[in-house]
Amino acid sequence: MEEKELKTSTKQRILIIVIAVIMLGSIIASYAAIVLNGGKSASSSTDTPEIDQAKVAEYEEAYNKKVTEFAEATKSDYDKFMNYKGEIKAYNETAANEGALAKRDLKEGSGDAVKTDGSNYLAYYVGWCADESVFDSSFDDNDNPTSFAKILDPSLGMIEGWTAGVEGMKIGGIREITVPSELAYGDSMEICGGKNKPLKFLIMAVAKAEPIKSMAEELDKAFMRYQYAQYGIDYDSVGED
């Protein structure tokens with residue numbers, strides 16, 4: 001794939017745009033009010049969506065419930081994955097950046113080969129930087145994990161290094177991939193303390209099948225409802241993905 005960034009769903013992109021518009025509108029309105037009031041701050045409200053705190057609390061509770069259910073259902077996978085957590089360690093940034101994409105199978109899978117378009121697998125994962133700091137993961141807590149709290153659907157679109165890195169991997173396997181910056185985010189995004197940084201991933205591929213498929217979708221939807229509500233937006237009223 002040509003893209004260097006993760007893709008997002010239509011609803012996620014809408015949320016990002018709306019948040020940006022709200023923030024920009026608030027800044028402009030506040031600045032205009034200060035100018036009109038001779039430099040004094042204004043107390044008038046802006047045209048931002050009204051936030052229903054009761055709804056926010058309701059969706060937060062629903063989301064936390066889904067996280068708990070997901071953690072319980074994926075405990076067996078979590079225990080298997082944790083056997084390899086010790087592989088998450090510091091590495092030489094320069095060597096990783098100057099070298100080619102590297103793959104290392106820690107556990108061979110016994111299922112079908114994963115499709116690089118992400119159509120037949122989901123992934124538990126950890127992504128970390130050269131200094132060993134974790135920038136994203138399926139864990140409930142990056143530093144002191146006790147369970148999984150999410151799973152990745154690669155069909156949404158991945159960085160080039162991930163797509164190439166899982167090639168040849170089988171369902172049920174656990175693989176470490178080292179991604180030089182040119183196959184990650186390059187100079188398009190700051191990550192791991194700057195631009196042009198190499199990344200490492202620990203990936204466990206599982207079949208995109210029931211019941212995990214539905215659980216992942218429900219968890220994602222519960223999370224998005226909660227996120228939208230915090231900005232006064234009704235997730236279910238936004239256009240379909």
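Predicted model: local features only at pLDDT ≥ 70, side-chain atom pairs only at ≥ 80, totals over all residues.

Reader: Which residues of H2 are buried?

Author: Buried means under 20% relative accessible area. In H2 that applies to Val56, Tyr59, Tyr63, Val67, Phe70 and Ala71. They lie on the same side of H2, because they cover an arc of only 115° around the axis.

Reader: What do the buried residues of H2 pack against?

Author: Their partners are helix H3 (75-82), strand E2 (121-128) and helix H6 (212-229).

Reader: How many residues does H2 have, and how far does the helix reach?

Author: H2 runs over residues 53-73, which is 21 residues. From its first C-alpha to its last it reaches 30 Å, close to the 30 Å expected at 1.5 Å a residue. At the start of H2, a side-chain oxygen of aspartate 52 comes to within 3.1 Å of the backbone nitrogen of alanine 54.

Reader: Which residues are buried in H3?

Author: Asp77, Tyr78 and Phe81 are buried there. Viewed down the axis of H3, the buried residues fall within an arc of 100°, so they line one face of the helix. The elements that cover them include E2, strand E4 (174-179) and strand E5 (199-207).

Reader: Now the disulfides. What is a disulfide?

Author: A disulfide is a covalent bond between the sulfur atoms of two cysteines. The count in this model comes to one disulfide. Cysteine 129 is joined to cysteine 192, with an S to S distance of 2.0 Å. The pair links distant parts of the chain, 63 residues apart. Cysteine 129 sits in the loop between E2 and strand E3 (134-137), and cysteine 192 in the loop between E4 and E5. The link has -80° about the S-S bond and is left-handed.

Reader: Is cysteine 129 buried or exposed?

Author: Cysteine 129 has a relative accessible area of 4%, so it is buried. Cysteine 192 has 24%, so it counts as partly exposed.

Reader: Which residues does lysine 197 touch?

Author: Leaving out residues up to four places away in sequence, lysine 197 touches Glu93, Asn97, Ser181, Ala184, Ile191 and Cys192. With the glutamate 93 side chain, the side chain of lysine 197 makes a polar contact (3.2 Å). Lysine 197 is in the loop between E4 and E5, and at 18% relative accessibility lysine 197 counts as buried.

Definitions and conventions:
Residues numbered from 1 in each chain as written. Heavy atoms only, no water. Helix = DSSP H or I, 4+ residues; strand = E, 2+ residues; numbered from the N terminus. Expected span 1.5 Å × (residues − 1). Buried < 20%, exposed > 50% of the residue type's maximum accessible area, 1.4 Å probe, protein only. Arc of directions from axis to C-beta. Contact = heavy atoms within 4.5 Å. Polar contact = N/O pair within 3.5 Å; in protein donor to acceptor, adjacent residues only side chain to side chain. Disulfide = S-S within 2.5 Å.
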